[in-house]
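User: I am new to this structure and would like to go through it step by step. Could you begin with a single residue and then turn to the chain as a whole?

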Amino acid sequence: MVRRFFARMLGQTGTTHALLSVRRYAPSPWLTILTYHRASTPRPDDPFDDGVIDVTPAMFESHLAFLKEWCSVLRLEDVSAFCAGKPLPPNPVLITFDDGYLDNYETVYPLLTKYGLSAVFFIATSYI
């Protein structure tokens with residue numbers, strides 16, 4: 001609740017826009033990693049843990065639109081190049097998904113394709 005209030009205030013005052021505009025042209029000393037599990041609409045009969053759904057498809061699409069406008073979304077190859085000494089681009093972000101739920105393919109993949117962005121998927125190959 002408090003976090004949303006401050007986020008709204010920063011957006012309304014133009015502070016977020018100003019900071020992101022400056023960061024767009026400055027080299028970055030860090031990499032932001034966004035970690036998701038699922039992009040789905042919660043259902044009461046869903047057999048999975050409530051906390052596994054991170055965003056609805058509409059929320060995820062709004063995240064992608066924001067990232068496309070303000071950030072440099074990296075591929076795993078870009079992260080490997082950074083580890084080998086190549087500098088990061090401005091506002092670098094890596095999008096990851098854990099576990100390989102079906103909605104990653106049915107919902108996330110088409111949205112990533114629509115925005116021309118990529119993500120890293122960590123696929124569970126068996127139940128532990």
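User: Does Asn 91 count as buried or exposed?

Analyst: This is a predicted model, and the answer rests on a computed accessibility. A residue counts as buried when its relative accessible area is under 20%. Because the relative accessibility of Asn 91 is 2%, the residue counts as buried.

User: Where in the chain is the place of Asn 91, and which residues does Asn 91 touch, not counting those up to four places away in sequence?

Analyst: Asn 91 has its place in a loop, with helix H4 (76-83) on one side and strand S5 (92-99) on the other. Once residues up to four places away in sequence are set aside, the residues that Asn 91 touches are Leu 20, Arg 23, Arg 24, Ser 28, Trp 70, Cys 71 and Ser 72.

User: What pattern do the helices and strands of the chain follow along the sequence?

Analyst: The chain is made up of five helices and six strands. Read along the sequence, these elements give the pattern α-α-β-β-β-α-β-α-β-α-β.

User: Of the contacts between residues at least 6 apart in sequence, what percentage join residues at least 24 apart?

Analyst: The chain has 128 residues, of which 29% count as buried, and its C-alpha atoms fill a box of roughly 45 × 40 × 25 Å along the principal axes. Among contacts between residues at least 6 apart in sequence, the part that joins residues at least 24 apart is 61%.

User: How many Å apart are the mean positions of the positive and negative charges?

Analyst: The chain carries 11 positive and 13 negative charges.

Notes
Residues are numbered from 1 along each chain as its sequence is written. This is a predicted model: local features need pLDDT of at least 70, side-chain atom pairs count only at pLDDT 80 or more; totals for chains, interfaces and linings use all residues. Side-chain values use heavy atoms; hydrogens and water are left out. Helices (H or I, at least four residues) and strands (E, at least two) are DSSP runs, numbered from the N terminus. Buried means under 20% relative accessible area, exposed over 50%, partly exposed in between (1.4 Å probe, protein chains only). Contact means heavy atoms within 4.5 Å. Lys and Arg count as positive and Asp and Glu as negative; His and the chain ends are not counted. The place of a charge is taken as NZ of Lys, CZ of Arg, CG of Asp or CD of Glu.
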